[in-house]
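User: I would like to go through this structure by question and answer, with the criteria stated as we reach them.

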Amino acid sequence: MMRIIIAGLLMFLLVSCTYERTSQDAYAEGNYVESINLLAAKIEEKSEENFKQTDAEKLSKLVTDVMNKYEDELTRTNKIDYKKRIDVYEKLLEINQRLSNRFYSAELVFFFDKYSDEDLRQIIAKDFYDYGNSITGTDSDSYHTKAELYKSGLSYYSYKNIATLYKNANTKYMQIAAKDFYDQGRNFEKQKDYNAASEAFSQASSVYQPLGKYKDSDKRAYDNAKKHATLMAEEAYQKGKKLAKGADRRSTFRSVGEYYRQAADVYSRFGRYKDAASLAEKYHNKGLISVYFHSDDLCSDVGSAFSADYLPFVSSSSSADVIISVTCNSRYYSPQQSYNMEIKREKVFDKYVEQTDDQGHTTQVETFKEVSYNESTRTYRNSLTLSTEVSVRGLISSSSSFTIEKSSEKYEVYYWGGDVPSHVHDYNEGVLESPYELEQRAKSEQSGQLRSIIESIVKDLSYL
């Protein structure tokens, strides 16, 4: 029973993995264009040489069925439901484009005669034309909608005066939208919301750009942006000025410099703002903490921890505010041997003996005997210790150290004396690493620990 269930599951999985979506599947779901695409692709795989009458009949029937489905849908659709009508005709056009100029196209003349590419494009363009005409232009949104509908129709066919209608609606949209944005900008000006005013005037200028310049929108956008930048710059400038009065720490000097930098940056589009740029540099320099970093070549990769721009490296300890020294020492211990012996005991097969039960039946029975033998293990072990010391002098003082030990072992196991079973054999296990390999493993771990210490030092420096 279990075998039958497993076999059934395997068959189900096999069918699932090899499932291929068919034209019938798509049709049943109402995806008619997809159903035609799938069938056409299947026929095209066979090539023209293998195209059979049954294929032609199958394709003709499907196209007829789909055509009837869409015609029924058009019959049920209100004539002023332009969106629905356009969707249906676009699908018919998609079918036309998919099936035309193929080796089997001659079998579908009935469809192409009724729904030619040009006729469908005209019908779609007309529906977009009527759709656009049905919308009354009252504001920028309605004119924009009309323009987009005419534009869509024009992409299919130049129906009547649709090109002129598109141009007129789009022009009207740009005129009204530009005026709306301009009026918004003036209202924001009165409220002294200069940033919003600048954006509104910029939008007025942008939307009207195809027609030229809209009044003085460019100038007003610039003037309001400048007023906004002036307010922002002055706010940052005054914060820096206030903080500078009581500044007595390097971290505070840096904050002062940052405020002045903000003032200079926010106004940079319009030129220099007072002496903000020079004050930013002045206080930034007062907040610098020069670092002299000395380490063995083993520790060269920790310098990236000093990424803050207020921690410049200097080449001499005499000109440094903080001196950080890292000293690394390694010591290698040559292989040491140790020896261990154990007496192993084990039951092993001895021989077969005959046994007779109460009914007189005789059987062969295995018997076992206990054997003992010696297991000797010789262990070779080498190791390396890497000691690291970190000292800090200057504006702050601290010291720390850590030691990393790495080792490797090799075992030689052999058996002797007594009665060693046939399945027991001597063997070796493990590998003794070279001093270089041990050192590289230690360095890898050292780098992470050292970086953690350096990052802690940098954090302490940020509070000065």
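User: Which residue lies over the face of Tyr 182?

Analyst: This is a predicted model, in which local features need pLDDT of at least 70 and side-chain atom pairs count only at pLDDT 80 or more, while totals for chains, interfaces and linings use all residues. Residues are numbered from 1 along each chain as its sequence is written, and side-chain values use heavy atoms, with hydrogens and water left out. A charge sits over a ring if NZ of Lys or CZ of Arg is within 6 Å of the ring centre and within 35 degrees of the ring normal. At 5.0 Å from the ring centre of Tyr 182, the residue over its face is Lys 215.

User: Which residue lies over the face of Tyr 237, and what is the phi of that residue?

Analyst: Lys 274 lies over the face of Tyr 237, at 4.9 Å from the ring centre. Lys 274 is placed in the loop between helix H12 (250-267) and H13, where helices (H or I, at least four residues) and strands (E, at least two) are DSSP runs numbered from the N terminus. Its phi is positive although the residue is other than glycine, and the value for Lys 274 is near 50 degrees.

User: How many aromatic pairs does the structure hold, and why is the pair of Tyr 208 and Tyr 214 edge-to-face?

Analyst: The structure holds 26 aromatic pairs, a pair being rings of Phe, Tyr and Trp (its six-membered ring) with centres within 6.5 Å, where planes under 30 degrees apart count as stacked, over 60 as edge-to-face and the rest as tilted. The centres of Tyr 208 and Tyr 214 are 5.0 Å apart, and the pair is edge-to-face because the planes stand at 65 degrees.

User: Is Tyr 214 buried or exposed?

Analyst: Buried means under 20% relative accessible area, exposed over 50% and partly exposed in between, with a 1.4 Å probe and protein chains only. Tyr 208 has 15% and is therefore buried; Tyr 214, at 10% relative accessibility, likewise counts as buried.

User: How many bridges join strand E2 to strand E3?

Analyst: Two strands pair if DSSP finds at least two bridges between them. E2 (residues 322-356) and E3 (residues 362-394) run antiparallel, with Ile 323 standing opposite Arg 393 in E3. They form a hairpin with five residues between them, and Gly 360 in the turn has a positive phi of about 90 degrees. The number of bridges joining E2 to E3 is 32.

User: Which residue in E4 is the bridge partner of Ser 376?

Analyst: E3 pairs with strand E4 (residues 398-416) in the antiparallel sense over 19 bridges, and a hairpin of three residues joins E3 to E4. In E4, the partner of Ser 376 is Tyr 414.

User: How far apart are the end C-alpha atoms of helix H4?

Analyst: The expected span of a helix is 1.5 Å times one less than its number of residues. The 24 residues of H4 (residues 53-76) should therefore span 34 Å, which agrees with the distance between its end C-alpha atoms, 35 Å.

User: To which backbone oxygen does the side chain of Ser 290 reach?

Analyst: Ser 290 is in the loop between helix H13 (276-286) and strand E1 (291-295), and its relative accessible area of 10% makes it buried. Not counting residues up to four places away in sequence, Ser 290 touches residues including Pro 312, Val 314 and Asp 321, contact meaning heavy atoms within 4.5 Å. Its side chain reaches, at 3.2 Å, the backbone oxygen of Ser 319.

Conventions
Polar contact = N/O pair within 3.5 Å; in protein donor to acceptor, adjacent residues only side chain to side chain.
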